[in-house]
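Subject: Structure handover

Hello,

Here is the structure I promised to pass on. Please open it alongside this note, which goes through the findings.

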Amino acid sequence: MNYELDLFNKLAHKLFEAEGEHPVTKPIPAGELFRQLDLTLKENPDPNFESTIENLILSTPRTATKLFFNQLFGGRNPKATLGDLLAVLLNNSMYTYKVAGPQVGVEKEILHNICNLIGYPNTSDGTFAPGGSMSNFMAMVMARDNFNETIRLKGAQGKMIVYTSAESHYSIPKNASLMGVGRDQVRFVATDAYGKMLPEALQKLIEKDIEDGNHPFFVNATAGTTVLGAFDSIEPLSEICKKHNLWLHVDGAYCGSIIFSNKYKHLVHGLELSNSFSVNAHKMMGTPLTCSIIVTRDKKHLNNSFSNDAAYLYQTDGDDYNLGKTSIQCGRRNDALKFWTLWKSVGTSGLEKIVDQQFQLAEVARNYIKDNSDYTLYSFDDSISVCFNYKNIPAQQLCTALYEHAELMVGYGTFQENEFVRLVTINSGNKDEDILNFFKILENFVEENEALFSEAIAEEKV
Ligand SMILES: *Cc1c(COP(=O)(O)O)cnc(C)c1O
């Protein structure tokens, strides 16, 4: 392993150097991939193993740099990265105490602290899921079994109805399909001008379904919608759920980490009233992918829906320490250690700073946009998604050109009838000047490539 460790160090340093010099890699067009890189697997060993790996590493998109704003993750937190590297070396599977030992405690400590921060009762517990989509899946299955405990055995009967906002994540309808509820049974509730679910609209849809003889069972609220980063108001939704006896899940995959911030946790006011809550630490907390957590008010739901007896597996220790009894997988990677090394090293107050920094960067971006008449702003305060257009240039065209010319990695989104660039200030390693630099690169690029955008710019001047 010594050779590989040395090689790892060498490659890591080469990567860091390259990231500093060229924060954005020149993309390889998909059609040329196999011609430009040697990815072939052959009968015999590759005599150029080292240089082949190096080429591969150096031509991979760089998500850790200051110019990556493309997705709801980014940056590289060194403490969390250390934890994840150690998890790879240890290679435990989290299903039993016998195999994972103290790593079970690492996971339980995180879950326990998150339940406490939310204000869930002592009965609460959670687990790590393979991602935010699967966290939502687990919430939906717990809600289903809570609604009717015979479904696990007999399969779904009748039309069971899911409610989620029109701005929520696509995993909700996908999961409805996976769990046999069916995409047609998902009601997309209208939102207000800020992208938040309208409680009155939810109430109306539920009443209509009851009238039609359908069975409402699950409401998904979003803490940080994918495009605008909007927070559904939990309290009024919770009242409606109580009245109709529906499970309320809060999908905080994107921005649920605001529970760590005294300044911003008011955005999920009433979270303790929910039945379940999920958060991706690989988004706002900046841990390496994947680090997805789902917690529920009462751990009996996790056991009811996910425990299977397996004598070959559960041979020692109590259920509380055999985490496989409440997870969706069997063998399961240790996703907890990277969050624990981060949390342990900076404390909860350090996690708060990580959250607050992202909102600070978003404010810098919004202020810049508001002060500059070449820009139009489409997003709102209290969000780390900053949505805008520049000089009337179609967002899709601008983002694609910036990518193809290896200038910036940034994506676009739509809300109602507008399409716009979506700058996500999720990399808390960035500083104010990095955000201003983003705009400078964008503006210089447009100026130097005016021909590409002349149509849009001419239109604007009319
Ligand atoms: C990212 C995201 C998800 C999906 O999480 P994955 O880990 O990518 O599966 C779900 N919901 C919301 C609101 C998200 O932003």
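With which residue does Glu-50 form a salt bridge? The partner is Lys-10, and the closest N and O atoms of the pair are 3.0 Å apart. Glu-50 sits in helix H3 (residues 49–58) and Lys-10 in helix H1 (residues 2–21), so the bridge ties together parts that are 40 residues apart in sequence. Glu-50 counts as partly exposed, at 31% relative accessibility. Lys-10 is also partly exposed, at 44%.

Please keep in mind that this is a predicted model.

**Other salt bridges**

The structure holds 15 salt bridges. Another one pairs Arg-76 with Glu-19, with the closest N and O atoms 2.8 Å apart. Arg-76 lies in the loop between strand S1 (68–69) and helix H4 (78–90), while Glu-19 lies in helix H1, so this pair ties together parts that are 57 residues apart in sequence. Arg-76 is partly exposed, at 36% relative accessibility. Glu-19 is buried, with a relative accessible area of 11%.

Lys-300 and Asp-298 also form a salt bridge; their closest N and O atoms are 3.9 Å apart. Lys-300 has a relative accessible area of 44% and is partly exposed. Asp-298 is partly exposed too, at 22%. Elsewhere, salt bridges with shared partners join Asp-84, Arg-333, Asp-335 and Lys-338 into one network.

**A buried charge**

Now look at Asp-125, in strand S2 (residues 125–129). Asp-125 is buried but has no salt bridge. Its nearest side chain of opposite charge is Lys-299, 4.9 Å away. A salt bridge needs the nitrogen within 4 Å of a carboxyl oxygen. Beyond its neighbours within four places in sequence, Asp-125 contacts Leu-111, Cys-115, Ile-294, Val-295, Thr-296, Lys-299 and Leu-302.

**The chain as a whole**

The chain has 16 helices and twelve strands. Its radius of gyration is 24 Å, close to the 23 Å that the globule rule gives for 462 residues, so the chain is as compact as a globular protein of that length. The C-alpha atoms fill a box of roughly 65 × 65 × 45 Å along the principal axes. Buried residues make up 50% of the 462. Of the contacts with a separation of 6 or more, 72% are between residues 24 or more positions apart.

The accessible surface comes to about 22000 Å², and carbon and sulfur atoms account for 51% of that. The chain carries 42 positive and 57 negative charges, and their mean positions are 5 Å apart.

Best wishes

Conventions:
Residues numbered from 1 in each chain as written. Predicted model: local features only at pLDDT ≥ 70, side-chain atom pairs only at ≥ 80, totals over all residues. Heavy atoms only, no water. Helix = DSSP H or I, 4+ residues; strand = E, 2+ residues; numbered from the N terminus. Rg over C-alpha atoms; globule rule 2.2 N^0.38 Å. Buried < 20%, exposed > 50% of the residue type's maximum accessible area, 1.4 Å probe, protein only. Contact = heavy atoms within 4.5 Å. Areas by Shrake-Rupley, 256 points an atom, 1.4 Å probe, with all protein chains shown as cover. Lys, Arg positive; Asp, Glu negative; His and termini not counted. Charge placed at Lys NZ, Arg CZ, Asp CG, Glu CD.
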